[in-house]
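Open the model and keep the sequence beside it. This report walks through a few of its local features.

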Amino acid sequence: MPAASRLIVVSNRAPVEMVRGPEGLRAVRTVGGLAGALDDALRAHGGLWIAWVGVEAGDELPAGTAGLPYPIRPVRLKEREVNNYYAGFANQGLWPLCHAFPSRCRFQANYWAAYRHANERFAAAVQAVVRPRDLVWLHDFHLCLVPGLLRAAGVPASVGVFWHIPFPPPTVFGICRWRAELLSGLLGADLIAFQTEPDVRNFLESVRQFLGVPVSDAPARVRLPEREVGVFAHPIGIDYETFRAHGSDATVQTKAARLRTTLGAEVVMLGVDRLDYTKGILERLRGYERFLERRPEWRRRVCLVQVAVPSRDRLPDYRDMKRSIDEAVGRIVGRFTSEGHPPLQYVYTALAREQLAAYYAAADIALVTPLRDGMNLVAKEYVASRAAREDGVLVLSEFAGAARELREAVIVNPYDVEAICRGLDIAVDMPPDERRRRMRALDRRVATRDLAWWTRIFLARLAAAGPPAASAA
Ligand code: GDG
C-alpha cells in the first residue's frame with residue numbers, strides 16, 4: 001500500500017455525538033464495535049472520519065476529541081434535512097425496503113430530495129479533503145449517491161462501499177421508483193461489499209434488470225463500458241478478544257451470578273435488540289409464550305430477559321410496535337407468573353457495555369430471531385462471551401446473515417411461532433456434550449473472522465481495486 005494513502009471513513013453517524021450540556025457542546029464517544037475496528041485502521045493509515053455528529057459542530061473536531069486518535073469532519077445538516085433524509089428516506093424508505101417489508105415503505109418526493117441533498121453534502125465533504133491515493137470507505141444505505149457524485153467529480157481515490165443491511169431481490173428493490181438512481185450512484189464505487197452471497201446476487205440481478213448493465217458471477221462484478229466494479233460478500237465480524245475476555249472477567253462473572261440470583265431461574269434466556277420491527281421481538285415473545293403453554297413444568301424454572309434498546313421512537317411504526325410488545329409482555333407475565341416468579345423480564349433501555357457483558361455471561365440460551373438482518377452482531381458477541389466456558393445455546397433465525405456462518409446454532413424460522421417454540425424445546429433439552437460441541441464450532445468461526453480480519457481484507461481489496469494512482473506502489 002502506498003505510504004501516502006490515507007483512509008477516509010464516511011458514515012451517517014460518527015463515533016462521537018455532540019451533546020448540549022450546561023457548559024455548552026461536548027463530544028461524547030459512542031460505544032460500538034465498528035468504530036473500534038476503524039479506529040485501529042485509521043491509526044495505521046492515518047486519516048479522518050466524515051459524518052453527521054447530531055448537532056451543528058465546527059469545521060473539524062480535532063484528533064484527541066473524546067479520546068479519538070483521528071479528526072472528524074462533521075457534515076452540516078439542518079434539522080428538517082435530517083428529518084427528511086435520515087428519518088424519512090433512509091429509515092422509512094430504504095430500511096423497510098431492504099429488509100423486505102414493502103408495505104412499511106414511505107417513498108415521498110420530499111424525502112428523496114433531502115436524501116439527494118444530504119448525499120451531495122457528504123460528497124462535498126469528501127472532496128474538500130481527499131488526496132490522490134486515499135482510500136474512501138463509505139458505510140451503508142444512507143450514502144448510495146455519494147460514490148456516483150465522487151466519480152462525476154473525478155476524485156482520484158479508491159472508493160469502496162460496505163452495505164451493512166440486506167440487499168433485497170429485484171422484485172422488492174424494484175418497488176422504489178428511484179431504483180435506477182440508487183444503483184447508478186453505488187456503481188460510482190470501485191468496490192462494493194455485502195454481508196452475504198445472496199445479497200451480492202440480489203444486487204447484481206437488480207443492476208442487470210434495472211440498468212441493463214452486464215454483470216458476472218465468478219468473480220462477481222459489474223461490467224460498465226469504461227470500467228468494472230468489484231462486488232463481494234464479506235461478513236462483518238466482532239472484536240472477538242474483548243468479548244471473550246469480558247466473558248471470563250471476574251467482575252463480569254460476579255455481576256452475572258448476582259443477576260441469576262435475582263432472576264431466580266434455573267435456565268436464563270436472553271434477547272438483546274434495538275427496538276426494531278426487523279428484529280422479530282414480538283414474534284419471539286409469541287414463540288416463548290407458546291413454549292410456556294406447552295411446557296408448564298418450565299414456568300417456574302425459566303426466565304427470558306428481553307433487552308430492547310429504544311430506537312427511532314418518533315416514527316409511527318416504531319411507536320405502534322412498542323405498544324404491541326408492551327402488551328405481549330404484560331400478557332405473558334400475567335398468564336405465567338407463578339409463586340411470585342415472573343418468567344419474563346423486559347428491560348427497555350440501553351445497557352452499559354459491562355452490564356451487557358454480564359447479561360451475556362448469565363444467559364444459558366440466547367434468542368436471536370430477527371425477521372431479516374444483514375448480519376446480527378449480538379449472535380457473534382454471545383458466542384465469544386461464552387467461548388471460554390464452552391457452554392450456552394444460540395437459537396438463531398435463518399434470516400439473519402449470521403446464520404450462513406453460525407450453522408451449529410439451533411436455526412429457526414422466526415415467522416413460525418411453532419418453530420420458535422420447537423427451537424426452545426431443543427435448547428432447554430440439549431445435553432451438555434452437544435452444547436459444548438456446537439459452542440466450540442461456533443467459537444472457531446467467530447474467532448477467525450473477527451473485526452480486524454474484516455477491516456484488513458476490505459482495505460486490501462479496496463487498495464487493489466481503485467484507479468492506478470491508488471493501487472500503485
Ligand atoms: C446493523 C445491521 C449488522 C445492543 N444493545 C445494547 C448494545 N447493543 C449493541 C450490540 C451490537 C449492536 O448494538 C447491535 O448490532 P446488530 O448487528 O445486532 O444490529 P444493528 O444495530 O441493526 O446493525 C446488522 C450491523 O449493522 C453491523 O454490520 O450486523 O445486521 O442491521 O454490537 O452489542 N450495546 C450496549 N448496550 C445495549 O443495551 N452498550
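## Helices with a buried side

In helix α6 (residues 179-186), the buried residues are L182, L183, G185 and L186. These residues span an arc of only 160° around the axis, so they sit on the same side of α6. An α-helix has 3.6 residues a turn, so residues three or four places apart point the same way. Keep in mind that this is a predicted model.

Helix α8 (residues 240-248) can be read in the same manner. Its buried residues are Y240, F243, H246 and G247. They cover an arc of only 135° around the axis, which places them on the same side of α8. What do the buried residues of α8 pack against? Their partners are α9, α12, α13 and α15 (432-448).

## Two helices that cross

Two of those partners also touch each other. Helix α9 (residues 250-263) packs with helix α12 (residues 353-362). The angle is about 65°, and the axes are 8 Å apart. The crossing of α9 past α12 is right-handed.

Which residues make this contact? From α9 come V252, Q253, K255, A256, L259 and R260. From α12 come E354, A357, A358, Y359, A361 and A362. By type, the contact of α9 with α12 holds eight nonpolar residues, one polar and three charged.

## Salt bridges

The count of salt bridges comes to 38. Three of them are set out below.

| Pair | N to O distance | Places in the chain |
|---|---|---|
| K279 and D373 | 2.9 Å | K279: loop between β12 (267-274) and α10 (281-294); D373: loop between β15 (365-368) and α13 (377-386) |
| E418 and R294 | 3.8 Å | E418: helix α14 (residues 417-429); R294: helix α10 |
| E405 and K380 | 2.7 Å | E405: loop between β16 (393-397) and β17 (410-412); K380: helix α13 |

Start with K279 and D373. Their side chains meet in a salt bridge. The pair links distant parts of the chain, 94 residues apart. Are its two residues buried or exposed? K279 counts as buried because its relative accessibility is 11%, under the 20% cut-off. D373 is buried too, with a relative accessible area of 8%.

Now take E418 and R294. Their side chains also meet in a salt bridge. This pair links parts of the chain 124 residues apart. E418 has 29% relative accessibility, so it counts as partly exposed. R294 is partly exposed as well, at 37%.

Some salt bridges share partners. In this way E289, R290, E293, R294, R295, E297, R331, R335, E418, D425 and D429 are joined into one network. The pair E418 and R294 from the table belongs to this network.

## Backbone exceptions

Most residues other than glycine have a negative phi, and most peptide bonds are trans. A few places in this model depart from that pattern.

Where is there a cis peptide bond? One joins A218 and P219, with omega at about -5°. P219 lies in the loop between β9 (215-216) and β10 (221-223).

A100 has a positive phi, near 60°, although A100 is not glycine. The residue sits in the loop between α2 (79-98) and α3 (109-129). Its relative accessibility is 27%, so A100 counts as partly exposed.

R133 also has a positive phi, near 80°. Look for R133 in the loop between α3 and β6 (135-139). R133 is partly exposed, with a relative accessible area of 30%.

## One more loop residue

Finally, find R76. It lies in the loop between β5 (72-74) and α2. R76 is partly exposed, at a relative accessible area of 37%. How far is its C-alpha atom from that of R6? The two C-alpha atoms are separated by 23 Å, and the residues are 70 apart along the chain.

Key: Residues numbered from 1 in each chain as written. Heavy atoms only, no water. Salt bridge = Lys/Arg side-chain N within 4 Å of Asp/Glu carboxyl O. Helix = DSSP H or I, 4+ residues; strand = E, 2+ residues; numbered from the N terminus. Buried < 20%, exposed > 50% of the residue type's maximum accessible area, 1.4 Å probe, protein only. Axes fitted to C-alpha atoms, helices over the stretch in contact; angles between N-to-C directions. Left-handed = near helix turned anticlockwise from the far one by under 90°. Contact = heavy atoms within 4.5 Å. Nonpolar A, V, L, I, M, F, W, Y, C, P; charged D, E, K, R; others polar. Arc of directions from axis to C-beta.
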